[in-house]
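Biologist: I have a new chain on my screen. Walk me through how to read it.

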Amino acid sequence: NIPNRYTLDLLAQELPGRGLDGAADMIYLPIDPVTCSNLGYAFLVCSNPEAAVRLHYVMHGRGMLWFRSCKTATVEASSFQGKPAMMARIRDGRLRPGMIW
């Protein structure tokens, strides 16, 4: 659950702000083409399994640093893993248009 006003830059700043610098190799933030706001979720490709565990421990069930919101983060493993699998889903249209970091 990500507040809709979050941008890709703010989401990327969230990680070092939580002591998770270097935890993600890739961030994919789907954007609504009509409102130009994010859709309330993102995919993070972690740099290694330990980073994924650390991300879950630090972020799951907690609010975001920017913009006060009652939303808390839900961190779950995806049915597909790794940057190549993420890029393939974006390329073939199985994921909505978005921004990549």
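Modeller: We go from the overall layout to single residues. Keep in mind that this is a predicted model.

Biologist: Start with the layout. Which secondary structure does the chain have?

Modeller: Count the elements, then read their order. Here there are three helices and three strands. Along the sequence they run α-β-β-α-α-β.

Biologist: How many of the contacts link residues 24 or more positions apart?

Modeller: Take the contacts with a separation of 6 or more; 61% of them join residues 24 or more positions apart.

Biologist: What about burial and surface in the chain?

Modeller: Of the 101 residues, 33% are buried. The accessible surface is about 6200 Å². Carbon and sulfur atoms supply 56% of that surface.

Biologist: Now helix 1. Which of its residues are buried?

Modeller: Helix 1 spans residues 8–17. Its buried residues are Leu8, Leu10, Leu11, Ala12, Glu14 and Leu15. Note that Glu14 is on that list.

Biologist: What happens just after helix 1?

Modeller: Look at the backbone angles there. Glycine 19 has a positive phi, about 80°.

Biologist: And which residues form a nonpolar patch on the surface?

Modeller: Leu65, Trp66 and Phe67. Together they have about 250 Å² of accessible area.

Biologist: Where is leucine 65 placed?

Modeller: Leucine 65 lies in the loop between helix 2 (49–59) and helix 3 (83–91).

Biologist: Why does leucine 65 count as partly exposed?

Modeller: Check the relative accessibility against the cut-offs. Buried is under 20% and exposed is over 50%. Leucine 65 is at 37%, so it counts as partly exposed.

How values were computed:
Residues are numbered from 1 along each chain as its sequence is written. This is a predicted model: local features need pLDDT of at least 70, side-chain atom pairs count only at pLDDT 80 or more; totals for chains, interfaces and linings use all residues. Side-chain values use heavy atoms; hydrogens and water are left out. Patches are made of residues with over 30% relative accessible area and no salt bridge: like charges are joined within 9 Å, nonpolar side chains (Val, Leu, Ile, Met, Phe, Trp, Tyr) within 5 Å. Accessible areas come from the Shrake-Rupley method with a 1.4 Å probe; for residues, only the protein chains shown count as cover. A salt bridge is a side-chain nitrogen of Lys or Arg within 4 Å of a carboxyl oxygen of Asp or Glu. Helices (H or I, at least four residues) and strands (E, at least two) are DSSP runs, numbered from the N terminus. Buried means under 20% relative accessible area, exposed over 50%, partly exposed in between (1.4 Å probe, protein chains only). Contact means heavy atoms within 4.5 Å.
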